[in-house]
Amino acid sequence: MKVAVYGPAAWKAAELEADRRHWLFTLNDAARCDLVAALTHAIDRDKSLFDYRREDFDLGSAGPVIAAAFHEMQHGRGVALIRGLPRAGLDEKDFELLTWGIGLHHGVGRPQGKASHYVSAVRDAGNVYRTGSGRGYNSNAELDFHTDSTDVVVLSCYNKAVSGGMSITTSSVAAYHAMQREYPDLLEHLHEPIHFSRQGEQAPDEAPSYPHPIFDERGGKLFSKWNRNRVTSAQKIAGVPQLSTRQWEALECFDALVRRADLAHNMWLEPGDLQIINSHVTLHSRTDFTDHDVPANKRLLYRLWLAPPDGDDLPESWRVLYKSVAKGTVRGGIIGQQHDAERQQYEQRQATALGMRLSDL
C-alpha cells in the first residue's frame, strides 16, 4: 500500500517544536475566571458525572480557545496543548468535573476499562505494567509508545511528579513514511492483522484478544494502532496465531523507529495543562517518574476518552475494536463489564446533543 504524505499531521519533532503557535493555546485570566464560574454554577455533589449536561457548563471566553485546540487536534497536527486551566483553589474532584465539562462540549465520553469508567485518574496505584492485566496509567513505569482505544485522548494535569513523567508524542504518519524510506521490505507486515490482548477487560460478548493491523487506509488517509505490551500479552493467550519472525522484525523495527529523537517530541505537562491527542495519527508515551511522599501532592492527571462529532470515517479493519467506523458515530473505548443502563442513557443523550448516532449499523 502506498499512502501519500498528507497534511500537517506528518510532522517531525523539530518541526512541531518550531511550530508551537499552531498547537499551543493559552487561556488568559478572563477565560480562567469563566471556567471557574462555569464550574461553580454546575457543581452538585449529589450528581454523578453522567447526570451533567453540556448546557450545565458555559465555557464563556474559554470556549473558542478550547474549540480551536480541538480543531487543531482533529484537522491539523493531531496533538494540541492548552495551558492555563484554573488549578489554584480546586480540589481533585473539582478538576475532574472541569475536565468532564470540557469534554461534554467536544464528544461522547467512552468507557476505559473493566469497570466501564469514563474518567481515569492517572496516578501511581502500584500497578505492574508489563503483565497480562497491566494498565500503564496506574503505574509509575515508563510506557511503551502506543495508541489508546479511542478517537481522542484528553489529559488534564492536576499535579506533576517530583521528577520524570515527561509526555512524548510521535506522528504515526511521519513514522510510516520513515518505514517506507528505510525499511520498505518490512512495511507490508504492518498492514497485516495481528492480535492485541484486551488485558482481561473484555465485555461478556468479546474475545480476550482481537486481530488488528498496525496501519490501514481509508479515503487517502492513514490510520494507525500500536501497543507493544498488548501484542506481547496476546501472544500468551491460547489460540492466538503466533507472529512470524518477519512480523516480529517489522514490529521491533517500527517500535524502535517511533522512539527516535528526530520523530519523538517531548513536552512537560504542568498543573493546569490540557493535552489533546488524535489517536489515529499520534502515538504517545511517558517516561517513568519519582513521586512525592505527601499523598495530596502526588502526580495526578485525568484521562478522558472521546468520540468526536467531526471525526473521520475509519478503515473497516477498525470495526473489531471500535464497533462502528462511520464518522459522527459513538465508537471506541473499552466497554468493560459494567456498561449499564445509566451509561447507555448518558451516551444516547450526549450523542443526541452533539448530533451524533450510536451506531452505523
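Trainee: Is Arg259 buried, partly exposed or exposed, and what is its relative accessible area?

Mentor: In this predicted model, Arg259 is partly exposed, with a relative accessible area of 33%, because that value falls between the limits of 20% for buried and 50% for exposed. The residue lies in the loop between α9 (245–257) and β13 (264–267), and a polar contact of 3.2 Å joins its side chain to that of Asp255.

Trainee: Which residues are in contact with Arg259 once its neighbours within four places in sequence are left aside?

Mentor: Those residues are Glu142, Asp144, Phe145 and Ala264. For Phe145, which is 114 residues away from Arg259 along the chain, the C-alpha atoms of the two residues are separated by 7.7 Å.

Trainee: In what order do the strands of the sheet that holds β13 stand, and which of them are at the edges?

Mentor: The sheet is open and has four strands in the order β5-β15-β8-β13, with antiparallel pairing. Both β5 (143–146) and β13 stand at the edges, each with a single partner strand, so one side of each is left without a neighbour in the sheet. On average, and with direction ignored, neighbouring strands of this sheet are turned by 20 degrees against each other. Between β8 (residues 167–171) and β13 there are four bridges in the antiparallel sense, and Ile168 stands opposite Asn266 in β13. Helix α6 packs on the sheet, where it touches β8 and β15 (282–286), and its direction makes about 55 degrees with that of β8.

Trainee: How should I read the side chains of a strand, and which way do those of β17 point?

Mentor: The general idea is that side chains in a regular strand alternate between the two faces of the sheet. In β17 (residues 300–307), Leu300, Tyr302, Leu304 and Leu306 point one way, while Leu301, Arg303, Trp305 and Ala307 point the other way, and all are buried; the strand is accordingly described as mostly covered, with eight of its eight residues buried.

Trainee: Which strands pair with β17, and over how many bridges?

Mentor: Strand β6 (residues 152–159) pairs with β17 in the antiparallel sense over seven bridges, with Val153 opposite Trp305. Strand β4 (residues 119–122) is also antiparallel to β17, over four bridges, and there Val122 has Leu301 as its bridge partner. Strand β3 (residues 108–109) is joined to β17 by two bridges, again antiparallel, and Val108 is partnered by Ala307.

Trainee: What describes a pair of aromatic rings, and how many such pairs does the structure hold?

Mentor: A pair of aromatic rings is described by the distance of the centres and the angle of the planes. The structure holds 12 aromatic pairs. For Trp100 and Tyr346, the ring centres are 5.3 Å apart and the planes stand at 40 degrees, so the pair is tilted. This pair links distant parts of the chain, with Trp100 in helix α5 (residues 92–104) and Tyr346 in helix α11 (residues 341–353), 246 residues apart. Trp100 is buried, with a relative accessible area of 2%, and Tyr346 is buried with a value of 2%. The pair of Tyr176 and Phe215 is edge-to-face, at 4.8 Å centre to centre and 70 degrees between the planes.

Trainee: Where does the charged end of Arg87 sit?

Mentor: The charged end of Arg87 sits over the ring of Tyr158, 3.6 Å from its centre, and Lys225 lies over the face of Phe196, at 4.7 Å from the ring centre.

Conventions: Residues are numbered from 1 along each chain as its sequence is written. This is a predicted model: local features need pLDDT of at least 70, side-chain atom pairs count only at pLDDT 80 or more; totals for chains, interfaces and linings use all residues. Side-chain values use heavy atoms; hydrogens and water are left out. Rings of Phe, Tyr and Trp (its six-membered ring) pair if their centres lie within 6.5 Å; planes under 30 degrees apart count as stacked, over 60 as edge-to-face and the rest as tilted. Buried means under 20% relative accessible area, exposed over 50%, partly exposed in between (1.4 Å probe, protein chains only). A charge sits over a ring if NZ of Lys or CZ of Arg is within 6 Å of the ring centre and within 35 degrees of the ring normal. Contact means heavy atoms within 4.5 Å. A polar contact is a pair of N or O atoms within 3.5 Å; within protein, one must be able to donate a hydrogen and the other to accept it, and residues adjacent in sequence count only if both atoms are side-chain atoms. Two strands pair if DSSP finds at least two bridges between them. Axes are lines fitted to C-alpha atoms, for helices over the stretch in contact, and angles run from 0 to 180 degrees between N-to-C directions.
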